[in-house]
Amino acid sequence: MDKSDRLSKPLNADLHMLNGTAGAVAVYAGESGPPVVLVHSINALASAAEVRPLFDALRQGNSVYAIDLPGYGLSERLPRAYSVADMCNAVRLVANWVAHRHTSQPLQAIGVSLSCEFLARVAMQTPGLFHSSAVVCSALISTTYTKASICLYG
């Protein structure tokens, strides 16, 4: 029995699997319009299910994409420790894939909790990838990226 037999899709959306450096990454896609990428938090039970309210609300006028980060949800769970670089690579992989699908539309992204740092790092390392980003985080993230994360909004 593989993982997809044990877990159901957390979102009522098309499921795409992208091959990343830390294994296959699950991406859920819904509706049409300007693209928005949603990145869930990091915790013991994290998955794209956490961003379902945002996904459902935004899909009314946007192409919404929600990622299951490596080791979470329906993404591949390899027998190894995952690093910040793995998470950033997955966010970049999905963002580039979405940007390629929507070449004439600006890409927006929303990160939740610790994933705000992953999103901020990718935005700083890949200028021009995101038109705008929003962070939903109740705690400060690392000093290096806090100012960048705050500046990313709009």
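Asp86 sits buried at 8% relative accessibility, where buried means under 20% relative accessible area, exposed over 50% and partly exposed in between, using a 1.4 Å probe and protein chains only. Its partner is Arg80: the two side chains meet in a salt bridge, 2.5 Å from N to O. Arg80 itself is partly exposed, with a relative accessible area of 37%.

A quick word on where the numbers come from. This is a predicted model, where local features need pLDDT of at least 70 and side-chain atom pairs count only at pLDDT 80 or more, while totals for chains, interfaces and linings use all residues. Residues are numbered from 1 along each chain as its sequence is written, and side-chain values use heavy atoms, with hydrogens and water left out.

**Charged pairs**

Side chains of opposite charge can pair when their charged atoms come close. Here, a salt bridge is a side-chain nitrogen of Lys or Arg within 4 Å of a carboxyl oxygen of Asp or Glu. Searching the whole structure turns up four of them, including these:

| Salt bridge | N to O distance |
|---|---|
| Arg80 and Asp86 | 2.5 Å |
| Arg121 and Glu117 | 3.0 Å |
| Arg59 and Asp56 | 4.0 Å |

Take Arg121 and Glu117. Both belong to helix H4 (residues 115–125), four residues apart, which is about one turn of the helix; helices (H or I, at least four residues) and strands (E, at least two) are DSSP runs numbered from the N terminus. Glu117 is buried at 9% relative accessibility, and Arg121 is partly exposed at 22%. Elsewhere, salt bridges with shared partners link Glu31, Asp56 and Arg59 into one network.

**Around Arg59**

Where does Arg59 sit? You'll find Arg59 in the loop between helix H2 (52–58) and S4.

Setting aside neighbours within four places in sequence, Arg59 is in contact (heavy atoms within 4.5 Å) with Asn12, Ala13, Gly30, Glu31 and Val64.

Next along is Gln60, also in the loop between H2 and S4. Is Gln60 buried or exposed? Gln60 counts as exposed, at 69% relative accessibility. Its side chain reaches the backbone oxygen of Asp56 at 3.3 Å.

**The aromatic pair**

The structure holds one aromatic pair. Rings of Phe, Tyr and Trp (its six-membered ring) pair if their centres lie within 6.5 Å, and planes under 30 degrees apart count as stacked, over 60 as edge-to-face and the rest as tilted. Tyr65 and Trp97 have ring centres 5.8 Å apart and planes at 85°, so this pair is edge-to-face. Because Tyr65 lies in strand S4 (residues 63–68) and Trp97 in helix H3 (residues 84–101), the pair ties together parts that are 32 residues apart in sequence. Tyr65 is buried, at 3% relative accessibility.

Technical notes: A polar contact is a pair of N or O atoms within 3.5 Å; within protein, one must be able to donate a hydrogen and the other to accept it, and residues adjacent in sequence count only if both atoms are side-chain atoms.
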